Amino acid sequence: MALYPAYPLMTSRLFLRPFTRGDVDAVHSYRGRDDVARYLYDAPLSRDECALAVQRRVSQTGFAEEGDRLVLAVETQADATVVGELSLIWRSAEARQGELGWIFHPDHQGRGYATEATSRLLDLAFHDLDLHRVYARCDARNMPSWRLMERLGMRREAHFREHGLFKGGWDEEFYYAILRREWGAMRQSTRHS
Amino acid sequence: MTLSLLPFETDRLRLRAFERGDVDAVASYHTLPASQRYGVRHVRYPSDVAEAVGIMRTQVALQRPGDVLAMALERKGDGRLIGQVLLQWSDATAGQAEVRFLIHPAFSGQGYLTEALSAVFDLAFTQFRIHRLMVRCDGRSHHSAKLMQKLGLRLEAHYREHALFQGEWDEELHFAILDREWRPNAKIFELSPRNRVA
């Protein structure tokens, strides 16, 4: 099913909105950092590369067909600071699968923004996009990332060891997933936003 | 990696390349519902089997990533073909490989697969210098899961409802083993008494 959400998506403290050309410096402030890039496929991005990335994202705002992705800026309502980004990729139309991703600025960590923002996107994934299962991946050493997934109620489905090479060493990867009914139960028992 | 290693033998089996005359024997296990459920997914009729055997006949060496080595499991005693093991070299730089297998249900539970897979794992790790070997199986295939654990593979992944298969939610297990986990002492040879230092 095609989906073009109405923006911004709101949580109690945040806006989730499409990127605009004015976001290049904000994106560069975290995507340019070594500590942010360590577990990403990309190396730290230059300002020019960030400008290209932002340009691509300006149109990644809805789902028309399998394979489409949504990439949204996460902005504080209080002072309009971009604290990170979220993505949702529509992986399979038949089996209703999606993949979730996020990158947050280390300077704004520890305030629950990531949990609040990803919860909103999971609501969209299961409710508006009608997905059956959403999964996410991370490097096994990236503890903040998999701790977030566990807070969201995702289950560790896979722990791959040395299944490939990544940035000059053996890769170790976690897969986490959550089914629609599990997210529903999670939503009933906790309040994230 | 252009070694031609087939055939080779284990205690009770001969692992050899497929031949033109194998179609009937392969069809006897490949077209069974159980094989459809868990095995290679598009070989349903005898005509499909002939094509599959035709492909497997050419899979006799691992020369580049993506290549498959297809081995027929033949019982030494009566020469009967009872199943197959396929070794796929999936990635060269990271030394990755995948093993797929199928056995006629009439011959399962007798240790033939344990014997054949042990030999194939030895081959993968020693001859082909594989770093990590993985096996996928359906979540409901309890025999396969037990066999993997018996061989010392770790359960690396358990995907739940990640795809649809024949109208049902699929459940998939991934097992894996690293070269240093497979018979870690295999490279230490017992010295004969007269060569011992102490």
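This is a predicted model: local features need pLDDT of at least 70, side-chain atom pairs count only at pLDDT 80 or more; totals for chains, interfaces and linings use all residues.
**Chain B, overall**

I started with the secondary structure of chain B and counted five helices and eight strands. Reading along the sequence, I wrote the order down as β-β-α-α-α-β-β-β-α-β-α-β-β. Chain B has 198 residues, and 48% of them are buried. I also looked at contacts in chain B with a separation of 6 or more: 60% of these join residues 24 or more positions apart.

**Helix α4 of chain B**

Next I picked out α4(B), residues 112–127, and checked its length. Its 16 residues should span 22 Å at 1.5 Å a residue, and I get 22 Å between the end C-alpha atoms, so the two agree. After the helix comes B:R129, and I noted its positive phi, near 55°.

**Where A meets B**

Then I turned to the interface. On the chain A side 21 residues are in contact, on the chain B side 20. I get a buried area of about 1700 Å² between the two chains, with carbon and sulfur atoms giving 48% of that. In chain A, the residues losing the most area to chain B are A:E157, A:R161 and A:E162; together they make up 30% of what that side buries.

For polar pairing, I have 14 residue pairs in polar contact across the interface, both partners at pLDDT 80 or more. Which elements of chain A supply at least two residues each to the side touching chain B? My list is β7, β8 (169–179) and α6 (180–189). The largest share, ten residues, comes from β7(A). By type, I sorted the chain A side into seven nonpolar, five polar and nine charged residues.

I count four salt bridges between the chains. One that I looked up pairs A:R181 with B:E161, where the closest N and O atoms are 2.8 Å apart.

I finished with A:E157, which sits in strand β7 of chain A, residues 155–166. Buried or exposed? Its relative accessible area is 4%, and buried means under 20%, so A:E157 is buried. Leaving out residues up to four places away in sequence, I listed what A:E157 touches: in chain A these are A:R133, A:Y175, A:Y176 and A:A177. From chain B, A:E157 touches B:E156, B:A157, B:H158, B:Y159 and B:R160. I noted again that A:E157 is among the chain A residues losing the most area to chain B.

Key. Residues are numbered from 1 along each chain as its sequence is written. Chains are lettered from A and ligands numbered from 1 in the order in which they are written. Side-chain values use heavy atoms; hydrogens and water are left out. Helices (H or I, at least four residues) and strands (E, at least two) are DSSP runs, numbered from the N terminus. The expected span of a helix is 1.5 Å times one less than its number of residues. Buried means under 20% relative accessible area, exposed over 50%, partly exposed in between (1.4 Å probe, protein chains only). Contact means heavy atoms within 4.5 Å. Buried area is the accessible area (1.4 Å probe) that two parts lose on being put together, summed over both. A salt bridge is a side-chain nitrogen of Lys or Arg within 4 Å of a carboxyl oxygen of Asp or Glu. A polar contact is a pair of N or O atoms within 3.5 Å; within protein, one must be able to donate a hydrogen and the other to accept it, and residues adjacent in sequence count only if both atoms are side-chain atoms. Ala, Val, Leu, Ile, Met, Phe, Trp, Tyr, Cys and Pro count as nonpolar, Asp, Glu, Lys and Arg as charged, and the others, Gly among them, as polar.
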